[in-house]
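User: I would like to go through the labels used for this model and see what each one rests on. Please set each value against its cut-off.

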Amino acid sequence: MADEPFLTRWSFQEFSFFYDAKFGRKREPNPEDEVAGTQSNGTANGGSLSENAPRKRELAVYEQYANQGSNTAVSNGGLGNGIHHNPQKPMLPPFEDVETRNLAESLCRDIIRGNQEVKWESIKGLETAKRLVKEAVVMPIKYPKYFTGLLSPWKGILLFGPPGTGKTMLAKAVATECKTTFFNISASSVVSKWRGDSEKLVRVLFELARHHAPSTVFIDEIDSVISHRGEGRSEHEASRRLKTELLIQMDGLSKSNELVFVLAATNLPWELDAAMLRRLEKRILVPLPEPEARKAMFQELLPPCPSEDQVPYDVLVEKTEGYSGSDIRLVCKEAAMRPLRRLMADLEQKQEVVPEEELPPIGPITPEDIELALKNTRPSAHLVAHRYEKFNEDYGSHILE
């Protein structure tokens, strides 16, 4: 236990005390703590072992950690750069009951606190998607004066397209670049085995998002949470209640002055309920990369060799029509593995063990390596690209210059 990072040994309630001490916020007295402080442990060993307000002692310990410069611990396991926090604002809004507070504590684990290290420039292509995301998240924070009334910010954006085209990368860029509280939500975050808890989790999620506004709620693979309602008689009642609560909470966002933005991603947009499509006001196709984007990806992943054998970028771009960004990365990885395999074969032929500091460098990637990598790596989503284009024609959003 002595070598374990101290933040991992704290409960959420204990860490909230540390947060209050760190940022100098006076904590309101909790009736439950007062009751716990007045109770005793009994008369073990013939005496009365009174608790006598144990939170006072804990608060003194947290103040000591705060005064010792625990910024590193906070950035790694606590608030960090991912939360747009106000020192005068508590971590949780004032909930009426303990059950709701416990649900809120579980959802706080889905707040992204670390830097995702994905910038807008690192995403090749997708200019339309990046422009709309900036318009929905970045600009209202920088210029709130203009985004009022009819020009109020978009409340929801759906990113749809083939797998591996950069939808999650865009979400990571939002978490890195935008100064908002970022909630990374999946089905496991809002689905509970206890009756009634799933819809409560959805309600508490949006209460937390409004409390920490400006905030972004990212729902990855949203089709697993809210597909078509009432298909046949196979849908469970709990699933329908969860979907209904999510729709209600999202529709209520338009009536709130708090800046809460919903970013959703899916590979199956045709599975989404029509009511959810209405609430996701901007529906953006994230297509397979264009030739310019593919060339930029190859130039970044396979830099030019110093030898005479140059990387044939034009040939790569021509032969990777229909490849996704993930497929292109696999091509580059396969090409880079071939000189490593040759080096491993030479090292395995030697009977003696070569020290690590004496290991030879990996050789350059040859055009033959790239050609064989293209033969061994096939595209994964080109056969269904037409379905996304059809959905984009029916429901997609476009920017008119």
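User: In which helix do K130 and E127 both lie, and how many residues apart are they?

Analyst: Both K130 and E127 belong to helix α6, 3 residues apart, which is about one turn of the helix. Helices here are DSSP runs (H or I, at least four residues), strands are runs of E of at least two, and the numbering starts from the N terminus. As to the source, this is a predicted model, in which local features need pLDDT of at least 70, side-chain atom pairs count only at pLDDT 80 or more, and totals for chains, interfaces and linings use all residues. Residues are numbered from 1 along each chain as its sequence is written, and side-chain values use heavy atoms, with hydrogens and water left out.

User: What makes K130 and E127 a salt bridge?

Analyst: The closest N and O atoms of K130 and E127 are 3.4 Å apart. A salt bridge requires a side-chain nitrogen of Lys or Arg within 4 Å of a carboxyl oxygen of Asp or Glu, so the label applies. By this rule the count comes to 14 salt bridges.

User: Why is K130 called buried, and why is E127 called exposed?

Analyst: The classes are set by relative accessible area: buried is under 20%, exposed is over 50%, and partly exposed is in between (1.4 Å probe, protein chains only). K130 has 7% and is therefore buried. E127 has 53% and is therefore exposed.

User: How do you know that R241 and E199 form a salt bridge, and what does the pair tie together?

Analyst: The closest N and O atoms of R241 and E199 are 2.6 Å apart, within the cut-off. R241 lies in helix α10 (residues 237-253) and E199 in helix α9 (residues 197-211), so the pair ties together parts that are 42 residues apart in sequence. R241, with a relative accessible area of 22%, is partly exposed, whereas E199 at 14% counts as buried.

User: Which atoms decide the case of D314 and K295, and how far apart are they?

Analyst: For D314 and K295 the closest N and O atoms are 3.7 Å apart, and this pair too is a salt bridge. D314 is in helix α13 (residues 313-319) and K295 in helix α12 (residues 291-301), so parts that are 19 residues apart in sequence are tied together. D314 is exposed at 56%, and K295 is partly exposed at 33%.

User: Which residues are linked in a network of salt bridges?

Analyst: That network links R338, R342 and D369.

User: Why is the aromatic pair of F391 and Y395 called tilted?

Analyst: Rings of Phe, Tyr and Trp (its six-membered ring) pair if their centres lie within 6.5 Å; planes under 30 degrees apart are stacked, over 60 edge-to-face, and the rest tilted. By this rule the count comes to 5 aromatic pairs. F391 and Y395 are one of them, at 4.8 Å centre to centre with 35 degrees between the planes, so the pair is tilted. Both residues lie in helix α16 (residues 385-395), 4 residues apart, about one turn of the helix. F391 is buried at 7% relative accessibility, and Y395 is partly exposed at 40%. Ring pairs also link F160 with F391 and Y395 into a cluster.

User: What makes the patch of negative charge on the surface?

Analyst: The patch gathers E352, E356, E357 and E358. Patch residues have over 30% relative accessible area and no salt bridge; like charges are joined within 9 Å, and nonpolar side chains (Val, Leu, Ile, Met, Phe, Trp, Tyr) within 5 Å. E358 has a relative accessible area of 54% and is therefore exposed. Its place is the loop between α14 (325-349) and α15 (367-376).

User: Which residues make the nonpolar surface patch?

Analyst: M139, Y143 and Y146 make that patch, of about 320 Å². Y146 lies in the loop between α6 (127-142) and β1 (156-160), and counts as exposed at 55%.

Notes. Accessible areas come from the Shrake-Rupley method with a 1.4 Å probe; for residues, only the protein chains shown count as cover. Lys and Arg count as positive and Asp and Glu as negative; His and the chain ends are not counted. The place of a charge is taken as NZ of Lys, CZ of Arg, CG of Asp or CD of Glu.
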